[in-house]
Amino acid sequence: MLLTLTSTAAHASDLGYLLHKHPDRVQRFDLSVGVAHVFYPEATDERCTVALLLEVDPIGLVRGRRFGGDAVSLAQYVNDRPYAASSMLSVALGRVFGSALKGRCDARPELAGVPLPLEVHVPALPSRGGADVVVDLFEPLGWTVDAVLRPLDPELPAWGDSRYADVTLRGTLPLDQALSHLYVLLPVLDGAKHYWVSSDEVDKLIRTGGSWLQAHPRRDAIVTRYLAHQRGFVTDALTRLAELDDDAPDELDETEEADPPAPVPLATLRRTAVVEQLRTAGAHRVVDLGCGEGALLRELLADSSFTEIVGADVAPRVLEKAADRLRLDRMGERQRDRITLLQSSVTYRDDRLAGFDAVVLMEVVEHVDPERLPDLERTVFGHARPGAVVVTTPNAEYNVLFPGMDEGALRHQDHRFEWTRAEFADWASRVAGAHGYTVAFAPVGELDPDAGPPTQLAVFTRTEAPA
Amino acid sequence: MSTSIAIPQLSLVALVGVSGSGKSTFAARHFGRFEVVSSDFCRGLVADDENDQTVSGDAFDVLYYIAGKRLAGGRLTVVDATNVQRDARRKIVDLAKAHDVLPVAIVLDVPESVCLERNRERPDRDFGPHVVRRQRDQLRRSLRGLAKEGFRQVHVLRSIDEIEAVTITRERLFNDRRDEHGPFDVIGDVHGCRAELEALLDRLGYALVRDDAGRAVDAVHPEGRRVVFLGDLVDRGPDSPGVLRLAMGMTAAGHALAVPGNHEHKLIRALDGRQVKVGHGLAETLAQLEAEPPDFTVTVREWCRDLVSHLVLDDGKLVVAHAGLKEAYHGRASGRVRSFALYGDTTGETDEFGLPVRYPWANEYRGRAMVLYGHTPTPEAEWVNNTMCLDTGCVFGGQLTALRYPEREVVQVPAERVWYEPVKPLVPAVAAPSRGGDELDLTDVLGKRVVETAHHGRVTVRAESAAGALEVMSRFALHPRWLPYLPPTMAPVATSPLPDVLEHPAEAFAAFAADGVEQVVCEEKHMGSRAVVLVCRDQAAATRRFGATLGETGAVYTRTGRSFFSSALTAELLDGVRAAVAAAGLWDELGTDWLLLDAELLPWSAKAESLLRGQYASVGAAARSALPVAVAELSAAAGRGLDVAALLDRTTARAANAAAFAAAYRRYVWPVDGLDGVQVAPFQLLASEGATWHDRPHLWHLGLADRLVAADPVLFRPTRRLEVSTSSAPSVAAGVEWWSALTDDGGEGMVVKPAANLVRGGKGLVQPGLKVRGREYLRLIYGPDYTLPANLDRLKDRGLGHKRSLALREYALGLESLERLARSGPPWRVHEPVFAVLALESEPVDPRL
């Protein structure tokens, strides 16, 4: 992977002093991420270009455990790390040009901090979200950005563009600023960091981005993506950034709330509606089938009228997350006894789910292939046979009201279908009839006169004793 | 005086006697070391002291727990405790009942002086004489009521001499007929249909024996086969006495066995003069018996009374009971076992016709024993989890049905007429596969499991792997009914010592030669995706055999059980396959109406376009963007006289590698529109009705494939092949040459298989195939630059042991599922090894091997 930086200032080759790298030497640095080479393809008084070439060892990447990371692609020999400018290049930049990044120039202190006419060329910059994202990130910092996405495969033109942009940045900035922009924003654009995010990452971000990051219009997105979506660290970094500006941490929260009051998220409305239905049904022993990370379970736990709560999901790692989020290991015994998490599947009959007051299928049915729905019906209504079943699912008619959603698109990539109100009613009535239940419907979310509610809900009530 | 005590082989024996009466000595003399569970020992377990009376509660919890586990496993158990208190004995009786075994009491009634003397000799027993005295009082008061407490046998040994002299023998239970091996012809509910019974026996090959009056009194099979009557011989039909006469004659002559039905049960009660409701056709029987001489009725009563409610036959492989029997009750004896056998798993409710509602126990049956039963008239005899109901409503105008055991062949004769109007129309008693009886239970797959395979012993699946597989199976795979098989992984050839390649055919030939395999077949490795094709001859076959509910006629799926196509496209593809199979004449030739084919589906891009674009093409694009610029900058630096020669050379080579990489993946891409452009290359027939084909040589399989190609050369694609003799140098050289030509031309490589197909060597199964992948293709696996010497050297250091072991285990599991499928095993049995393959595939093995 390659990056070149050109100065066209008078005495352009002073760049060598600023970088602490002599223009007539070829230097090699063995780094954790690979071997970095620094050389000058051009070094005249009019124009001086330094190139940073990082040779990544793809086999070391896979075989060495140190890069076992957050992106699946890193675990493969076939990955773009040896070519694309990524967080690894950012690491190399930090190590090779560390003094310059800090704005130090021991040999010629007067050069430090002086704005220079600079040109940065990154021929393969991964940018999920297109070339515009590159512009959005660098332009506010004083760069003129020229970013063009490269084709995915020129021999297969139908495949369109790749996610790699050939990027040239031009601007007049002090060198340390320019380097710090690259240092922080390369990993942000890449999205897939090569190492685990740890708390020193927070320090590093503040150290290098502190001066300009606070004012950047995309600050939150940068922080979030830099820290690879690790929520705990994100709050920490935002708070500490606020402290850096001598803002009280809670003022930061206030600015967020000062935004136009967002409507209550649909997910919250849905949970409220489901809990309400469970209370109306007089349910005390409840199964949340497809509990995910346990958002509904948390609300059920908060209401002591739910005496036995079972969260079931087919994905073991999701259940682990739920256990984590609910802090099961730290829960008091009395509370802990009320809740059970277990792996289950609607493809298989599961006696552990039988005989409860209610089963909740909140945003679950649409994740089941239509051909497999009969299994779900049999498992839930035929075998588990609770007193009540609460089902929520998206209302497909409402999709037209979501901005930016294509016609016929689904709300989630794992959705196998989304029903209109009529389709949902057909299904629900047939299932109720077949299994000895009655069914009633309720809207969830803001009701549109034509499209109906964003989420539809059905409550099934058992009328016949189990067969 | 010598007493002999006979106790049931499976029973819970309570020794009763005061401290010092010699129970432990007695137990040690008459029972096995582990059969005896002593309260003193359990005290020691929980409190390090056999005499610590303060922990008795906990000690007995442990005792009951151990005894319960033993009884659940069908093992005789002896409780060595004083048991002089009624409460203690009640727990034992309850425990026996809970496990449906017979409780037996053996009382050691020893004079008090002896007990006191014995306790004095044991310094650890420091309790005073009043304890023994109190226990004796309790014992004396208990003695009379023991039988009433629920013990099926009470044996009281009243003196030291008697205790010394007694012998204990074990009797098998009445239902234990495991030594009867058949073959049998098991006949469902007859209900007085004598003519149909005679016709059925005739069809089964029995010769009827008639008395002077011309009445059938016996039937004899020339090959010594025997009949098993499943009960309900009487009521409703025209000639219950005639049926009884024949059945009684056959059992007396040793030509038949019988279990009672609920109708016999009721008949006995009626004959005994008990108050019974004379309905359900009993009136007819009683009227018919009126016409018989009184001694006939007496014989009938005795014969019916002596019938045992269920029988365990043929080493436990066959269980017969009128209304069926769940596994936990097999070979057990208790009131509820008997009532299950007679009446089924009733829920206590009645349906809208006033008939008892029965729980469909067979849907949940997971036992290995075949269970044959009647009781519930059903339109067709169908297998449900290795059970079959043989009551096909003869008396209601249906059929009289027999099942030949062990052949599993159904033999039927139609009713001559409707003899009795049914209260309600005949409906299936349990859900057959096509109606949901194939429902799988979570306990069939979850947790750590051990799957028995015929070819490779026991294969263990770890709980974590099963959990992962459950998610894949539930969220992405087809319904298990369409996945009777998942292909095993295949090991690569041993790493080549040649300098420039990672894999080379020479190692494959050498490996098979070392395993004693002389003939191998090299098969071209297609540049596609592994696909399993299940095709049924028609809709009816799909419904009958695989329980199709939505009009499916088969499936085309990936290694993890995902469908390749939408249901519409799948149907279209299957139409093509079906037509070719018909044109090739395979349906009739193989005597089947379904086929399971192992194949490759091309192009790879049909399944993997998003992977090709997102990963392979992306890497190519990144390389194409970065490397030429790097070469240019390095050239400029070189132009300035800087020493970058080595770096420039290396970077130039990498640019060439990246181009070769792109060329490699592009071969896997061709445009597909619907099914246009999609090709199937079958290479093995996995299974068809009643048969797996792993013992046929690979050339036989490829011959079948060639016939499909001939029938439809657009849809099917041939597999190029070469036979190699591993002991002949020229032949091996030709094999190497063949591979080189194939891969130089851009081919993926080849798979080398033992020509004979399944082969066992000295160390068990031989690898069913070894893949030898081409040098260019491996760029897609190990990255564009894997051929750089520094990289190749490191990649050659790879461990293959785990992969090979995994390949064999998955191969054995695959065969196991096929054999279970071909033998019409219950769905959960077929699913078990299939699920295990998926679980093993989630084990952490280098996916590049």
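Me: What share of the contacts in chain B with a separation of 6 or more comes from residues 24 or more positions apart?

Reply: In this predicted model, residues 24 or more positions apart account for 72% of those contacts in chain B. Two residues count as being in contact if their C-beta atoms, placed from the backbone, lie within 7 Å.

Me: Why is chain B called more spread out than a compact globule?

Reply: The globule rule gives 29 Å for 849 residues, whereas the radius of gyration of chain B is 36 Å, well over that value; chain B is therefore more spread out than a compact globule. Along the principal axes, the C-alpha atoms of chain B fill a box of roughly 115 × 80 × 55 Å. The secondary structure of chain B comprises 26 helices and 37 strands.

Me: What makes a residue of chain B count as buried, and what percentage of the 849 residues is buried?

Reply: A residue is buried if 20 or more other C-beta atoms lie within 10 Å of its own. In chain B, 48% of the 849 residues are buried.

Me: Why is helix 2 of chain B called roughly perpendicular to helix 3 of chain B?

Reply: The axes of helix 2 (residues 39-47) of chain B and helix 3 (residues 56-72) of chain B come within 8 Å and cross at roughly 110°. Angles of 65 to 115 degrees count as roughly perpendicular, and therefore helix 2 of chain B is roughly perpendicular to helix 3 of chain B. The crossing is right-handed. Helix 2 of chain B contributes Ser39(B), Cys42(B), Arg43(B), Leu45(B) and Val46(B) to the contact, and helix 3 of chain B contributes Asp58(B), Ala59(B), Phe60(B), Val62(B) and Leu63(B). By class, this contact has 7 nonpolar, 1 polar and 2 charged residues.

Me: How do you know that helix 3 of chain A and helix 6 of chain A are roughly antiparallel?

Reply: The axes of helix 3 (residues 87-96) of chain A and helix 6 (residues 175-190) of chain A cross at roughly 160° and come within 8 Å. Angles over 145 degrees count as roughly antiparallel, so the two helices are roughly antiparallel to each other. Helix 3 of chain A passes helix 6 of chain A in a left-handed crossing. Residues in the contact include Leu89(A) and Leu93(A) of helix 3 of chain A and Leu182(A) and Leu186(A) of helix 6 of chain A.

Me: How many residues does each chain give to the contact between chain A and chain B?

Reply: Chain A gives 50 residues and chain B gives 54. Strand 3 (residues 34-43) of chain A supplies the largest share of the chain A side, 5 residues. That side divides into 28 nonpolar, 9 polar and 13 charged residues.

Conventions
Residues are numbered from 1 along each chain as its sequence is written. Chains are lettered from A and ligands numbered from 1 in the order in which they are written. This is a predicted model: local features need pLDDT of at least 70, side-chain atom pairs count only at pLDDT 80 or more; totals for chains, interfaces and linings use all residues. Axes are lines fitted to C-alpha atoms, for helices over the stretch in contact, and angles run from 0 to 180 degrees between N-to-C directions. Helices (H or I, at least four residues) and strands (E, at least two) are DSSP runs, numbered from the N terminus. Angles under 35 degrees count as roughly parallel, over 145 as roughly antiparallel, 65 to 115 as roughly perpendicular and the rest as oblique. A crossing is left-handed if the near helix is turned anticlockwise from the far one by less than a right angle, and right-handed if clockwise. Ala, Val, Leu, Ile, Met, Phe, Trp, Tyr, Cys and Pro count as nonpolar, Asp, Glu, Lys and Arg as charged, and the others, Gly among them, as polar. The radius of gyration is taken over C-alpha atoms; the globule rule is 2.2 Å times the number of residues to the power 0.38. A residue is buried if 20 or more other C-beta atoms lie within 10 Å of its own, exposed if 12 or fewer, and partly exposed in between; C-beta atoms are placed from the backbone.
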